Amino acid sequence: MPTIRTFIVTPNLPGPLKPLLEIARNVWWSWNVEAISLLRRVDPDLWDKHDGNPVAVLGSLSAERVSELERDQAFLAHLERVKGDLERYLNLDSWFAGEHKDIKSDLIGYFSLEFGLHESLPLYSGGLGILAGDHLKSATDLGVPLVGMGLAYQYGYFRQYLNHDGWQMEEYSVNDFFNMSMSLEKDDSGQDHTIEVHYPGRVVKARIWRLQVGRNPLFLLDTNIPENQPEDRELTSRLYSGDNDMRIRQEILLGIGGLRALITLGLEPTVCHLNEGHSAFLALERINLLMKNKGLDFDTAFELVRASNVFTTHTPVPAGNDHFHPDLVRTYLKRKADELGIDMERLLALGRQDPDNKAETFCMTVLALRLSRFVNGVSELHGHVSRKMWQQVWPKAPFEEIPITHVTNGIHTRSWLCTEIARLYDRYLGPRWFEDPTNKTLWDRVDQIPDAELWRSHERMRERLVGFVRRRLRNQLRNRGANRTWVKQASEVLDPEALTIGFARRFATYKRAALILSDPARLSRIVNNPDRPVQIIFAGKAHPKDHPGKEIIRELIHLSEREEFRKHIVFVEDYNIEVARYLVQGVDIWLNNPRRPLEASGTSGMKVPPNGGINLSVLDGWWCEGYQQDNGWAIGAGEEFEDQAYQDDVESTALFDLLENEIVPAFYERSSDDVPREWTRIMKNSMRTVNAEFNTNRMVEEYTERFYIPCVENSARLSADDYARARELAEWRRRVKAGWEKLKIIKVDAPPLSDQPMGSSLPVKATVQLGGIPADEVLVEVYHGLLDSSGEILNGETATMFPGDTESDGTVVYTGDIPCRRAGRRGFTLRAVPRKDGYPLDRFETGLVSWWDDPSTGATDQGSAAPGVTVHRA
């Protein structure tokens with residue numbers, strides 16, 4: 001091979017046009033309507049050719065076009081306005097600065113395997129990445145000091161196309177980072193900043209790309225550099241492609257390499273937020289660096305790291321969590337275990353639900369659970385499902401007290417909102433709606449928008465969607481080798497005035513894309529009604545290895561090619577952010593029918609109400625919280641079925657019934673001015689109830705107040721005085737763990753348990769053998785509540801018991817009262833857990849819990865609060 005020397009050519013713009021590059025290199029432009037208009041105006045043809053990539057457009061301009069722009073006074077005035085908007089945005093007083101003036105230098109590091117910011121930055125596959133991108137956008141809007149960390153994929157996720165039979169095929173396009181809104185981080189000498197990560201027998205280097213997202217940066221690691229071996233250059237080649245060996249290597253790079261990159265750039269995070277378990281190895285690296293740089297032992301460093309980590313789990317499907325064979329972990333983490341001064345079995349135990357089960361695989365989710373102070377699912381229902389999935393990590397905790405909470409997802413509204421509706425919001429809500437999207441009072445003003453004006457605006461967006469789909473379909477059919485007649489007919493599919501349903505998401509089987517296709521005859525009657533036609537637009541990708549998902553796509557394509565469906569059912573290939581934006585802005589109904597409770601959140605449905613669309617969904621994910629009966633439609637009543645075929649039959653029937661009896665009539669019943677008044681009423685209810693709550697500004701504020709700020713405080717508390725409190729906490733944990741087996745609840749006394757008057761209190765006294773642990777380090781509680789038919793406590797409550805004097809035999813008598821607030825059959829038991837006043841501890845994080853277990857009473861029930869628990873029943 002000949003020697004090739006590389007050099008970089010950058011757009012060379014004259015002085016008046018130089019601000020274009022500054023705007024193009026800050027992804028802020030992607031959610032600013034005026035900035036998008038300006039960048040498209042540079043050269044509309046190039047804009048379309050380069051998929052809305054402004055840096056590529058500027059790098060492709062002819063000298064003649066540059067000269068034209070330089071002389072175009074109207075364009076230069078437009079440029080000056082957008083430049084001023086960006087400067088004002090970057091210097092705007094922020095929510096965070098107003099709420100947390102005392103936090104000056106602390107940073108939150110947000111780690112994610114994918115980020116979806118814009119279609120011109122294809123570094124995402126689906127919902128996880130889109131959520132991460134919207135999280136970054138709202139963080140910068142709010143001024144939260146957050147930096148993102150991910151990987152720079154040379155090929156990203158696959159591009160989808162269908163063959164002549166409708167079978168999904170995959171191809172990969174090369175990402176030219178030098179012609180994207182990215183730049184390499186350089187050191188003081190002008191050389192690329194690089195970091196090193198150790199793998200067995202070699203060191204892998206990665207350079208660092210920077211993506212500026214408003215005020216905050218996103219950094220991406222890239223191993224495709226000549227210093228690395230070919231297999232290591234492939235590390236950042238593709239997203240979600242390859243075997244477990246590739247996956248663990250990518251996750252080591254993200255977690256360990258990502259943390260090193262931030263430190264190299266002088267941006268060491270105080271708090272780390274793990275968006276899914278992929279980056280959980282960063283916790284081990286944080287411990288390692290504290291041991292190496294601060295002289296801490298493993299246990300002390302563990303306390304500090306755990307106290308300042310946040311973990312968000314996104315999947316309710318067990319197979320969606322990364323599991324690695326212990327031998328694979330030994331291969332790649334043996335060096336890390338040696339650095340940490342622990343043996344491999346202890347490291348492996350951190351990733352196992354049962355630490356003593358050496359046959360269990362190593363799970364990244366479990367590692368993140370054990371090394372994070374705050375853990376959350378992404379909707380209220382998903383929090384419940386997550387507690388159920390991972391209860392064996394806390395085997396002695398009652399289900400409702402498992403320390404997994406929820407923060408319901410949201411969307412970055414301005415990124416998904418169409419210009420037509422945005423103008424209505426400006427006119428009738430006032431300009432503050434986009435600065436303060438969580439303000440419910442502002443969204444109440446939606447009722448002031450005239451029905452006719454709202455309807456006409458939405459009709460224009462539906463017409464725009466139909467035009468977009470027709471163009472895409474013509475190209476798809478040509479590429480698929482379809483006959484010329486079908487290509488010609490693509491210009492006639494869909495009706496700009498017909499009720500339009502959208503279904504777009506990953507084609508996993510549990511999302512049931514084919515549910516609405518289950519009765520073709522009934523579906524045909526609905527879509528072909530000459531007076532009230534209905535049409536459906538589908539989009540979405542199946543994972544390359546998901547053959548059942550691919551089969552659903554093929555089934556859909558074959559159905560859509562039948563004469564009675566050809567103009568009414570369309571599948572749009574290669575679903576991405578651009579396709580999603582057209583869909584959520586133009587559809588009338590957004591259909592979502594997953595198999596409950598397998599939808600963690602489902603943020604696509606949140607993008608529709610701001611644009612005037614309405615949700616039709618199974619009560620799963622976010623819709624359990626969003627549905628209010630008059631703001632959309634629910635399929636079923638939140639039932640869960642064991643018989644999946646029966647479930648499909650019941651819910652498909654319910655879906656067709658809703659379409660025929662409620663949705664289609666509401667859409668087509670018009671007033672004298674051709675406005676569907678009942679429909680616009682539901683549109684406004686949907687806007688008012690969904691927009692204020694299900695946005696990422698509310699979500700990021702919630703993360704900040706509930707998790708980020710407490711983690712910053714935890715870190716400051718434990719780090720103070722040369723980590724004195726962290727050392728004390730580690731020593732306390734070792735001491736309590738060593739003596740806990742001796743602690744027992746020996747005796748419980750209470751008055752007769754029948755006929756307690758409601759409103760009274762039931763006194764309880766317990767004799768506890770503390771086993772040498774000080775009484776102020778043991779929390780004894782009554783756990784009580786209503787009993788179900790099998791004698792188990794439902795949604796138990798706790799009442800604290802207070803220690804008295806120590807008896808001559810070393811026991812301590814605790815006393816407390818159970819408030820009798822509700823009538824019914826009730827029960828109680830007792831438990832003891834460690835406590836350390838002034839420290840960031842959850843009741844069950846130590847894993848040390850002693851429940852009252854007194855078989856002599858005959859009241860032991862193995863299923864009540866926890867295994868081997870005695871429950872007194874009234």
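Helix α22 (residues 520-527) packs against helix α26 (residues 644-668) at an angle of about 15 degrees, with the two axes 11 Å apart. The model is a predicted one, in which local features need pLDDT of at least 70, side-chain atom pairs count only at pLDDT 80 or more, and totals for chains, interfaces and linings use all residues. Residues are numbered from 1 along each chain as its sequence is written, and side-chain values use heavy atoms, with hydrogens and water left out. Helices (H or I, at least four residues) and strands (E, at least two) are DSSP runs, numbered from the N terminus. Axes are lines fitted to C-alpha atoms, for helices over the stretch in contact, and angles run from 0 to 180 degrees between N-to-C directions.

The helices α22 and α26 are therefore roughly parallel to each other; angles under 35 degrees count as roughly parallel, over 145 as roughly antiparallel, 65 to 115 as roughly perpendicular and the rest as oblique. Their crossing is left-handed, a term used if the near helix is turned anticlockwise from the far one by less than a right angle, with right-handed used if clockwise. On the α22 side, R522, L523 and I526 take part, and they meet T653, F656, D657, L659 and E660 of α26; contact means heavy atoms within 4.5 Å. The residues of this contact divide into four nonpolar, one polar and three charged. In this grouping, Ala, Val, Leu, Ile, Met, Phe, Trp, Tyr, Cys and Pro count as nonpolar, Asp, Glu, Lys and Arg as charged, and the others, Gly among them, as polar.

Helix α26 also holds E651. At 3% relative accessibility, E651 counts as buried, where buried means under 20% relative accessible area, exposed over 50%, and partly exposed in between (1.4 Å probe, protein chains only). Leaving aside residues up to four places away in sequence, E651 touches R512, L515, V618, I635 and F641.

From α11, the residues A283, R286, I287, L290 and M291 meet F298, A301, F302, L304 and V305 in α12. By class, this contact has nine nonpolar, no polar and one charged residues.

The aromatic residues are considered next. The structure holds 32 aromatic pairs; rings of Phe, Tyr and Trp (its six-membered ring) pair if their centres lie within 6.5 Å, and planes under 30 degrees apart count as stacked, over 60 as edge-to-face and the rest as tilted. In one of these pairs, the rings of W633 and W679 have their centres 5.7 Å apart and their planes at 35 degrees, so the pair is tilted. W633 lies in strand β20 (residues 632-635) and W679 in helix α27 (residues 677-691), so the pair ties together parts that are 46 residues apart in sequence. Both partners are shielded: W633 is buried at 7% relative accessibility, and W679 is buried with a relative accessible area of 0%. The rings of F667 and Y668 have their centres 4.8 Å apart and their planes at 75 degrees, so this pair is edge-to-face. F667 is buried, at a relative accessible area of 0%, and Y668 is buried at 15%. Together with W455, the residues W633, F667, Y668 and W679 form one aromatic cluster.

Several backbone features deserve a look. Most residues other than glycine have a negative phi, and most peptide bonds are trans. E276, although not a glycine, has a positive phi of about 80 degrees. This residue lies in the loop between β9 (271-275) and α11 (281-294), and E276 is buried, with a relative accessible area of 7%. L494 likewise has a positive phi, near 65 degrees, in a residue other than glycine. The loop between α21 (484-489) and β15 (499-504) is where L494 is found, and L494 is buried at a relative accessible area of 4%. The peptide bond from R596 to P597 is cis, with omega near 5 degrees, and P597 lies in the loop between β18 (589-592) and β19 (614-618).

Finally, G126 has its place in the loop between β1 (108-111) and α8 (127-142). At 23% relative accessibility, G126 counts as partly exposed. The C-alpha atoms of G126 and T223 are separated by 23 Å, and the two residues are 97 residues apart along the chain.
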